[in-house]
Amino acid sequence: MGAIQATRGTRDILPDEVRYWQRVESIARDLLQRAAYREIRTPLFEQTDLFERGIGEATDVVGKEMYTFKDRGDRSLTLRPEGTAGAVRAYIEHNLQAQGGVQRLWYTGAMFRYERPQAGRQRQFHQLGIEVLGSADPRADVEVMSIAIDILHSLGLTNLYLDLNSVGNASDRQSYRQALVDYLTPYQADLDPDSQTRLTRNPLRILDSKDPRTQEITQNAPSILHHLSPASQQHFDRVQQLLSDLSIPYQLNFRLVRGLDYYTHTAFEIQSADLGAQATVCGGGRYDGLVTELGGPDTPAVGWAIGLERLILLLQKLQPVPTSAPDIYLISRGDAAEAQALLLAQRLRQTGLAVELDLSGSAFGKQFKRADRSGAIVCLVLGDAEAETNTVQVKWLATAEQESIAQADLLSPSAAFYQRLTQISQDPNY
RNA sequence: GCGAGCGUAGCCAAGUGGUUAAGGCAGAGGAUUGUGAUUCCUCCAUCCCGCGGGUUCGAAUCCCGUCGUUCGCCCCA
C-alpha cells in the first residue's frame, strides 16, 4: 500500500463521530457557564520542569509516559500529559488570585501520554477539566463533583458509580504510609512483583493492585480513614454530609489512591459499568499543595478531568447518531437553472436556513431520491422552465404537496414559505 | 514495557494451499433526457487479501519479521 497512516495511538475523528463531540462540548459549555466557570486555554507544550514538579517525579506519568523533547533552542519541553499543571501555571503567572475570591476555570483539549493504546486509551486523547482555585470549603469539593455528575446525566448516561476517599493532608499521609508499610512488610514475599517494588517507592499504590493475592493481603490493611487528623476528618465528614444533602450516591473506597502526587483530602472517581478495563470516566480531587509547589501563593484548590474518548464511547453505545438534516434540498438541471440554483442557495442561507445544493447534474429522478434521503423538509426544483420564469417548484417532501413560487418570494422571513418551513422544523414530532 | 487474539473493498463478511477472491450494505450509471416506493439491468479488489520476506510446481490460506488494532497487565481520564 505505502500510504501514510495516522501514527500509533492517534486517530481521526470522522464527521459522524464529531457530532457526539459537539454535543458533549455544547452541553458542558452551557452547564459550566451557568455555574460561573470561565474557559481557559493554555499551550499544548510547557517546560518539562512544570510537570516534573507539579505531577511528581516518582509517578509513572512523569517517569515513563511523557512526550519530552528538546526544541531548537535546547529547551526541554513536554507535550502536556494533563491539564491541571498548565492551568495552575497560568493562574500564578497572570496573578489571577489578584482578581479576588474564588477562581473557577474550565478547559478542554488534547493531552499526550506515551502508553500502550487500548479502547478508551490513546496516546493523544482529550480531556475536559475544571478547577476551583482559592477555596478550602468542602462545598467546593461537592460543587465540582455535582457538576461532573450533572454533565454526565445531561448526556443521558446512567450506570455510573462515584467512588470517594480522603487521602488527608501531607502529615496524615506520612503517618498512614508508615502504618501501611508496617502492616505489609511481613507479607512482602507474597506480594506481586510490582507491589514489592512499590513498598518502598509508593506504598499507597499497592492498595490499587489487581493481583488476587495482594488484594487478599490488603483486605485487612489499615485504612487511611483511620489516620486522618481531626481537621481532615472534619473536612471529609462535611463532604459526605453535603453529598447526602444533594442526594448524590457514593461509595467509600479506601483503596482509591490517585496516581498524581498533588492530591490532598478528597479523591474521587466516576466509573462506568459499561466500559472495559479503562472504566474511569472522570477522576479528580483536592490539591491544596500544588499552587505553592509551583511557586504561587498558598491556595487551596479542587478539580477533576473527564476523559472524552471514554465518554464518547459510552454515548455511542446508548444513543443513535444525532442526525443533521438540511431544511432544504435544492435540485437543478440545465445551465441556466444550475446557475440560478447556486445563487438561490446562497440567498436562502442568508435568511438563516440550512440548504444543501445537489451538485451531481444527474437526472431529476436521482436528485429527488437524494433529496428524500437527505432528510430535508422541502425540496426545491429548478429546471429550464423555472429558470425562464424565475420561479421554483416547492415540494413538501412529507406530503408530496407541490407548488410553484417566485424565487424572490422565498427570501423574506415574512413569506408564507419561510413561516411554514420554520414551523415544521420546530415540530418535535417531525 | 509484558502476555494473548485479530488484520480480505467505504462498512459487514465467505473463502483456511490448486485455474477469473462468494455474498450483503453503501455508492455510480441506466430502464424512467422533470418527480421520491418497489422492481430490473450494468459497474464497483484485474502487479491482488495491512506491509516485507520465506517455504512450495502453486499462498489470502503455512512460516518469519514488521506495522496497526483489540483484550488483559501496568498506568490513568
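**Note on the predicted model of chain A with RNA strand B**

1. Strands E10 and E11 pair in the antiparallel sense, with 5 bridges between them. Within this pairing, Gly285 stands opposite Gly303 in E11. This is a predicted model, and the points below should be read with that in mind.

2. E10 also pairs with strand E9 (residues 264–272); here 6 bridges join two strands that run antiparallel. One of the partners is Gly283 in E10, which is bridged to Glu269. E10 is largely enclosed by the rest of the structure, because 7 of its 7 residues are buried.

3. Chain A is divided into two parts: domain 1 covers 15–169 + 229–318, and domain 2 covers 328–425. Taken over C-alpha atoms, the centres of domain 1 and domain 2 are 48 Å apart.

4. An open sheet of 5 strands has the order E13-E12-E14-E15-E16, with mixed pairing. Its edges are strand E13 (355–357) and strand E16 (401–406), each of which pairs on one side only. On average, neighbouring strands of this sheet are turned by 25° against each other, direction ignored. Strand E12 (residues 328–332) runs parallel to E13 and is joined to it by 3 bridges; Ile328 stands opposite Val355 in E13.

5. Two helices are to be noted with this sheet. Helix H12 (residues 335–350) lies across E12, E13, strand E14 (378–382) and strand E15 (391–396), and runs at about 165° to E12. Helix H15 (residues 416–425) packs on the sheet and touches E12, E14, E15 and E16. The direction of H15 makes about 25° with that of E15.

6. Helix H4 (residues 84–93) is mostly covered, with 8 of its 10 residues buried. The buried residues are Thr84, Ala85, Gly86, Ala87, Val88, Ala90, Tyr91 and Ile92. They pack against strand E2 (45–47), helix H2 (48–55), strand E5 (103–112), E6 and helix H10 (290–293). Just after H4, Asn95 takes a positive phi of about 55°.

7. Is Ser209 buried or exposed? Ser209 sits in the loop between helix H7 (193–201) and helix H8 (212–219). Its relative accessible area is 7%, so Ser209 counts as buried, the cut-off being under 20%. Leaving aside residues up to four places away in sequence, Ser209 touches Asp192, Ser195, Arg198, Thr214 and Gln215.

8. For Glu115 the RNA atom is a base oxygen, for Arg333 a sugar or linking oxygen, and for Glu386 a base nitrogen. The elements that give two or more residues to the surface near RNA strand B are helix H3 (60–64), strand E6 (124–133), H7, strand E10 (280–286), strand E11 (301–307), helix H13 (364–374), helix H14 (384–389) and E15.

9. Which element gives the most to the surface near RNA strand B? H13 does, with 7 residues.

Conventions
Residues numbered from 1 in each chain as written. Chains lettered and ligands numbered in written order. Predicted model: local features only at pLDDT ≥ 70, side-chain atom pairs only at ≥ 80, totals over all residues. Heavy atoms only, no water. Domains from an automatic or database assignment. Pairing = 2+ DSSP bridges. Helix = DSSP H or I, 4+ residues; strand = E, 2+ residues; numbered from the N terminus. Axes fitted to C-alpha atoms, helices over the stretch in contact; angles between N-to-C directions. Contact = heavy atoms within 4.5 Å. Buried < 20%, exposed > 50% of the residue type's maximum accessible area, 1.4 Å probe, protein only. Polar contact = N/O pair within 3.5 Å; in protein donor to acceptor, adjacent residues only side chain to side chain.
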